[in-house]
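Subject: Structure for you to look at

Hello,

Here is the structure I promised to pass on. Please open it and keep it beside this email as you read.

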Amino acid sequence: MGPLSVPETDATLRLLENLNTAVLLLDRRLYLKYLNPAAEVLLAASARQVRGMGLKELLGGNPEFIDSCRRALKSSHPFTERDIALSLSGERIITVDCTV
């Protein structure tokens, strides 16, 4: 995969890389383009392992959440969900607050 698909300024990248909050950047097809180190910890996977994966592949056990992401993208209306349980591959479940 090519270089990061984030606004490519040193300051922006430094900010994202040093946040304690997990940040995942998806494209219009809901494929993972970028994740910061906090997201790597949350997902227990390196960026190299998961970059390019579809959200469905990454969070396959969460069809309602994936559908909500699609609706937000289509309508251009963000949403926030609190205390949602997300199933990761390997049957690991994490509980997160999420803004899309």
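Predicted model: local features only at pLDDT ≥ 70, side-chain atom pairs only at ≥ 80, totals over all residues.

**The core**

Start with the inside. The largest nonpolar core has 22 residues. Those with the most contacts inside it are L35, L55, L59, F65 and L86. Several elements give two or more residues to this core, including strand 2 (32-35), helix 4 (55-58), strand 3 (80-87) and strand 4 (93-99). Helix 5 gives the largest share, four residues. In soluble globular proteins, nonpolar side chains tend to be buried together.

Take L35 as a case to look up. Leaving out residues up to four places away in sequence, L35 touches V23, L24, E40, L43, A47 and V50.

**Helix 5**

Now find helix 5. Helix 5 has 13 residues. From first C-alpha to last, the helix reaches 18 Å, close to the 18 Å expected at 1.5 Å a residue.

Which residues of helix 5 are buried? They are F65, I66, S68, C69 and A72. These residues cover an arc of only 155 degrees around the axis, so they sit on the same side of helix 5. Helix 4, strand 3 and strand 4 are among the elements that cover them. Turn to the other side of the helix and you find E64, R71 and K74 exposed. Just after helix 5, S76 has a positive phi of about 60 degrees.

**Strands 3 and 4**

Strand 3 and strand 4 pair in the antiparallel sense, over six bridges.

Strand 4 has two faces. I94, V96 and C98 make up the covered face. I93, T95, D97 and T99 make up the uncovered one. In a regular strand the side chains alternate between the two faces of the sheet.

**The cysteines**

How many disulfides does the structure hold? It holds zero. C69 is in no disulfide, and its nearest cysteine sulfur is that of C98.

C69 counts as buried because its relative accessibility is 4%. C98 is buried too, with a relative accessible area of 16%.

Best wishes

Note on methods:
Residues numbered from 1 in each chain as written. Heavy atoms only, no water. Core = buried A, V, L, I, M, F, W, Y, C linked by side-chain atoms within 4.5 Å. Buried < 20%, exposed > 50% of the residue type's maximum accessible area, 1.4 Å probe, protein only. Contact = heavy atoms within 4.5 Å. Pairing = 2+ DSSP bridges. Disulfide = S-S within 2.5 Å. Expected span 1.5 Å × (residues − 1). Arc of directions from axis to C-beta.
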